[in-house]
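Hello,

Here is the structure I promised to pass on. My notes on it follow below.

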Amino acid sequence: MIFWGSFKTVAQNTNGRFSFTSGASLSITQLGISPFSTLRRWNDRSMPSIYLKFRYFQPFKKNGLSCGLQIVEKGFQTFYQVNNSYTQTTVSYSYNMNYLEMPVLYHYRIDTHLLKSFTFNSGLFVGYLFRDDFRIYQKDVHFPKNSPPYTNYTNLAGSYQWGDRFNLWDIGINLGMEYRINNFLSSEFCLQKGMIRVDRIQHKDLAYNVTLYLGVNYHF
């Protein structure tokens, strides 16, 4: 009876502290090598994906601390055209970076009637790059002087294999909020900013990751 009473008390204390999250992510990289440089355009350069997260929440009165593990795909895509009197070139390429991340967040609840269902959070994350993929497509239309035009195509995809290019680790900050729907469901929104360059090369394409998250948490 003592054992069962202790087990029941522990079960009640841990009820709702574990949660599973699934949602959509939208990532982009900065246009420049500075961590405060401008972002690429979200509408046609960002990389949409989904993310999955498992989290434990430790309450402290009305506030709390959480630690989780999540899998997310980041990256960006771009295209450009180069035209002259002899050639028309269209190039599009994308990078897909798959990360395993551990976010640690402090959750703060404002004790007012209008905001009692909202929780605001901030904290840090550590990410590990376990897979990278790229794809490049190029179309070259040539216009010779004394012959009809012809077209060449280049289409490559796979993992980047030319040297140790990417940093495997990333560290950054999280800012977001959570809305509690009921005892089992809540929604979350988060903005994440990486502070370590993705690319070891001083290149503007893969500078720092910036990601938006929108998901639904199931508490059990």
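To begin with the surface, the protein chain exposes about 13,200 Å², and carbon and sulfur atoms supply 64% of it (Shrake-Rupley method, 1.4 Å probe). Please keep in mind that this is a predicted model, where local features need pLDDT of at least 70, side-chain atom pairs count only at pLDDT 80 or more, and totals for chains, interfaces and linings use all residues. Residues are numbered from 1 along each chain as its sequence is written, and side-chain values use heavy atoms, with hydrogens and water left out.

The protein chain has two helices and ten strands, taken as DSSP runs (H or I, at least four residues, for helices; E, at least two, for strands) and numbered from the N terminus. In sequence order the pattern reads α-β-β-α-β-β-β-β-β-β-β-β. The C-alpha trace spans about 95 × 40 × 30 Å along its principal axes.

Now the aromatic residues: the structure holds 14 aromatic pairs (Phe, Tyr and Trp rings, the six-membered one for Trp, with centres within 6.5 Å; planes under 30 degrees apart are stacked, over 60 edge-to-face, the rest tilted). The ring centres of Tyr93 and Tyr95 lie 6.3 Å apart with planes at 90 degrees, so this pair is edge-to-face. Both Tyr93 and Tyr95 are buried (under 20% relative accessible area; exposed is over 50%, partly exposed in between; 1.4 Å probe, protein chains only). Tyr137 and Tyr153 have ring centres 6.4 Å apart and planes at 35 degrees, so they are tilted. That pair joins strand 6 (residues 118-142), which holds Tyr137, to strand 7 (residues 150-158), which holds Tyr153. Tyr137 is partly exposed at 31% relative accessibility, while Tyr153 is exposed at 54%.

Best wishes
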